[in-house]
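Q: Please take a close look at the interface between the two chains. What does each side bring to it, and what lies in the space around it?

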Amino acid sequence: MAKKIMVVDDEKDIRDTVEMVLEKEGYEVVTATNADDALKKVESGEKPDLVLMDIMMPGTPVKDIIPKLKGIKVAYLSVVRTSEAEKEDLMASKNIVAFIQKPFDVNTLLKKVKSIVK
Amino acid sequence: MDIQKELSSNQTVLLLMPGSEYNELMVETVKELSNKSVCYVTTNKTYDSLSEIFKKKGIDMKNMVFIDAISKTLKKTPDQGDNVYYVSSPGALTELSLAISKFLRHDFDYLVFDSITNLAIYQKAQICAKFLSSLINNIKKNKTRAVFYALEESSAELVKHASLFVDKVAEVNKSGKVNEVVAEKEGEKEGDGDNTKEVNDKKKDIKKVSKK
């Protein structure tokens with residue numbers, strides 16, 4: 001059974017590109033336009049194996065949504081540059097499994113996704 | 001890139017930078033300005049991250065104060081630190097505007113706005129344009145010279161709006177050269193403003209103002 005990835009990004013171009021790349025690799029992909037939308041979808045029954053979540057989006061701050069996604073692995077996609085210490089703090093939540101800096105290389109992303117959901 | 005020269009003949013400059021070289025170019029720009037007093041507004045890198053980058057690149061930060069509009073969206077952050085003032089989010093344009101106004105009153109030599117691209121994530125281009133228009137009008141009432149960064153590949157609508165308000169729009173190529181002047185408005189060219197106040201005094205004053 002294909003692993004399910006939820007791509008959460010307010011930029012349509014990024015959502016579409018990542019969706020296309022992941023589907024080509026055999027993943028089932030659902031998308032959400034921001035953290036609120038992602039939470040709504042999870043609460044309505046979506047059970048992704050991994051959420052790829054942009055860290056900076058309009059709507060409720062991502063940091064306030066993460067605790068509500070208990071038990072779901074989340075990898076941050078971040079255009080925001082943080083210090084190493086801040087990165088460690090952001091990764092402190094149990095369900096945060098990776099921090100991927102934008103712009104990212106597609107192969108790096110795929111490698112990361114593969115290693116997380118294997 | 002000789003940004004000081006650009007800013008000596010234009011009070012406000014919009015620099016369009018390629019995304020792939022953005023971080024290198026923004027560091028180079030700040031390095032050039034760091035011998036004068038700088039108010040650095042960040043909407044895409046936390047203050048801690050900027051400190052880390054600038055220290056690594058040997059940029060002296062003693063003449064700088066920061067307005068950080070990103071840290072509060074990521075973590076618990078106080079309202080201000082020694083040389084940093086935190087704004088709740090890049091979308092909180094009124095708050096951001098008030099914070100910048102406080103600093104402008106103290107005649108910093110330069111204001112660096114990094115970057116207008118990120119504003120468009122939180123607000124519609126027209127709202128951001130209104131904010132930029134008001135900010136640039138405010139800058140023009142002061143001696144401070146301002147450089148605005150934007151990614152050349154994105155936020156086309158906002159860049160178009162911003163181009164109407166700034167004195168000069170320049171594209172910076174990968175080697176850091178200003179290779180094309182997209183638009184330069186006619187108007188009075190001003191010389192360097194005389195600013196002899198110590199940055200530390202400004203910081204103290206800013207703290208006083210902030211506490212009011």
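A: In this predicted model, chain B and chain A bury about 1400 Å² between them, 60% of it from carbon and sulfur atoms. On the chain B side, B:Leu74, B:Ile121 and B:Tyr122 lose the most area to chain A and together make up 40% of what that side buries. In terms of contacts, 18 residues of chain B meet 15 residues of chain A.

The polar part of the interface includes six residue pairs in polar contact, counted with both residues at pLDDT 80 or more. Three helices of chain B, α3 (47-56), α4 (71-74) and α6 (116-122), each supply at least two residues of the side that touches chain A. The most comes from α4(B), with four residues. By residue class, this side of chain B holds five nonpolar, eight polar and five charged residues.

One salt bridge is found across the interface. It joins the side chains of A:Glu86 and B:Lys75, with an N to O distance of 2.6 Å.

Both of these residues also line a cavity. The lining residues divide into two nonpolar, one polar and three charged.

Notes
Residues numbered from 1 in each chain as written. Chains lettered and ligands numbered in written order. Predicted model: local features only at pLDDT ≥ 70, side-chain atom pairs only at ≥ 80, totals over all residues. Heavy atoms only, no water. Contact = heavy atoms within 4.5 Å. Buried area = accessible area lost by both parts, 1.4 Å probe. Salt bridge = Lys/Arg side-chain N within 4 Å of Asp/Glu carboxyl O. Polar contact = N/O pair within 3.5 Å; in protein donor to acceptor, adjacent residues only side chain to side chain. Nonpolar A, V, L, I, M, F, W, Y, C, P; charged D, E, K, R; others polar. 1 Å grid on protein atoms, 1.4 Å probe; cavity = no way out; pocket = protein on both sides within 12 Å on 5 of 7 lines; lining within 4 Å.
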